[in-house]
Amino acid sequence: MELLIKSVRIVDESKDFLGDLYIKDGIIEDFNEKLDYDCEVIDGEGLVLMPSFIDLHVHFREPGFTHKENLFTGGLAALKGGYTVVNLMGNTNPICSSMDIVEYVLNKAKEIDLVNVHQTVSITKNFDGETLEHLDTLDERVKFISDDGKGIKSNIVMYNAMMKAREKGLIIITHAEDEDLTEVDYRISENIITIRDIYLSKVTGAKLHLAHVSTIEAIEEIRRAKKEGVNVTCEVTPHHIALYDNDYRVNPPIRTEKDRDAIIEGIIDGTVDTIATDHAPHTKEDKEKGAPGLSGIETSFSVSYTNLVKSGKIDLMKLSQLMSANAGRIMKVQKGKIEKGYFADLVLVDLNKEIIVNSNTFLSKGKNTPFNGMKFYGEVIMTLKDGEIKYVNKEYKN
């Protein structure tokens, strides 16, 4: 299979130029000005070609909560959002604490054949906050462990988990929350676990990735740890980039304007490694009952582009690094950059397209979003995985 994308602005973390890109057998074979290959051609004039996006933090709800989302609807939503690689959290039913569930998810995702899926396994068995023996059974298909949705309160449990993670080459994704403190002060709750886990990463040598960082203090601790050489990375969400002083229920909550500004400063200076959506679809009924989370994978690019690039805070190459290259490096996949020999996982976007968010048009089952009715710029026109066109915006005419 061959495909030539012509007259397009090509952007990744290290390049930004007008040219053509040639794909052969699912791989980026060539990119330059005025390429000439005898194959199918896509006219990219007026559009931008970027590496497709990689999301280190999503909830597709399968198994067990498929009334909220499943691998098929989640995959469709991901492609519409420009994503071809997703890392699924383990708070399913049953909780993903075994290779049996990993195999179920991976096999079903392969059968559906929409996006590449990695399944995260729980740090503690069934999120019990104590048991770690199941980690000994994990094989090389598992890269991340996390009790996302619940914090691990016990210091000794997290210490032992990090020792196991270092031994097995796993990355721990921390949901920084001390639930005993959450009801008192959620800021303290996030900050104290952030500080603890960074310290434990420092003394154990385990790789630590901090999820959905949301406070000034957490950003400052991560910045300090990186300067000290601690093996730590972190992510922030589009909603924490775009919103402040907003009571829409997410976990961690939307913070103050100063927190939002600190997150953006962390993006600018490299403290923040990646933007991850924490895509958390819910039914209308569950959301009305107070379930935290939003369906964010379809709006992620436009929200991030508008608030970071169009506003002049960073350039498009930096956004590509945040949404693609850095996550690719953390996951150790040959995706996220436009380089010869890389998989042709690509996204065509129209930066000039103005959109008004309407959750009724979401492909995700979850229609829960604080962005309904808001105006943003930048729309995904086409998403390719391994050189195959997986999504085309219905308004696009080649």
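This is a tour of a predicted model, stop by stop, with what to select at each one.

Because the model is predicted, local features are taken at pLDDT of at least 70 and side-chain atom pairs at pLDDT 80 or more, while totals for chains, interfaces and linings use all residues. Residues are numbered from 1 along each chain as its sequence is written, and side-chain values use heavy atoms, leaving out hydrogens and water.

**Stop 1: the open sheet**

Select strands E9 to E13. Helices (H or I, at least four residues) and strands (E, at least two) are DSSP runs, numbered from the N terminus. The five strands form an open sheet in the order E9-E10-E11-E12-E13, with parallel pairing; two strands pair if DSSP finds at least two bridges between them. E9 (144–145) and E13 (274–275) are the edge strands, each with a single partner strand, so one side of each has no neighbour in the sheet. Between E9 and E10 there are two bridges, in the parallel sense. Pick phenylalanine 144 next: its bridge partner in E10 is isoleucine 171.

**Stop 2: helix H5**

Select residues 186–204. These 19 residues should span 27 Å at 1.5 Å a residue, and the end C-alpha atoms are 27 Å apart, which agrees. The expected span is 1.5 Å times one less than the number of residues. At the start of H5, a side-chain oxygen of aspartate 185 comes within 2.9 Å of the backbone nitrogen of arginine 187. Now colour the buried residues (under 20% relative accessible area; exposed is over 50%, partly exposed in between; 1.4 Å probe, protein chains only). Among them are Tyr186, Ile193, Arg196, Leu200 and Thr204. What covers the buried residues includes helix H3 (155–168), strand E10 (171–174) and helix H6 (216–227); contact here means heavy atoms within 4.5 Å. After H5 comes glycine 205, with a positive phi near 85 degrees.

**Stop 3: two loop residues**

Most residues other than glycine have a negative phi, and most peptide bonds are trans. Select aspartate 25, in the loop between E2 (15–24) and E3 (27–32). Aspartate 25 is not a glycine, yet has a positive phi of about 55 degrees. Its relative accessible area is 55%, so it is exposed. Go on to histidine 212, in the loop between E11 and H6. Histidine 212 also has a positive phi, about 30 degrees. Is histidine 212 buried or exposed? At 3% relative accessibility, it counts as buried.

**Stop 4: two cis peptide bonds**

Select asparagine 93 and proline 94, which are joined by a cis peptide bond with omega near 5 degrees. Proline 94 is in the loop between E7 (83–88) and H2 (99–112). Another cis bond joins asparagine 251 and proline 252, with omega about 5 degrees. Proline 252 is in the loop between H7 (238–242) and H8 (257–269).

**Stop 5: helix H11**

Finish with residues 316–331. Of the 16 residues, 13 are buried, so H11 is largely enclosed by the rest of the structure. Look at leucine 322, where H11 bends by about 45 degrees; the bend is the angle between axes fitted to the seven residues ending there and the seven starting there. Lysine 332 follows H11, with a positive phi near 60 degrees.

Notes:
A polar contact is a pair of N or O atoms within 3.5 Å; within protein, one must be able to donate a hydrogen and the other to accept it, and residues adjacent in sequence count only if both atoms are side-chain atoms.
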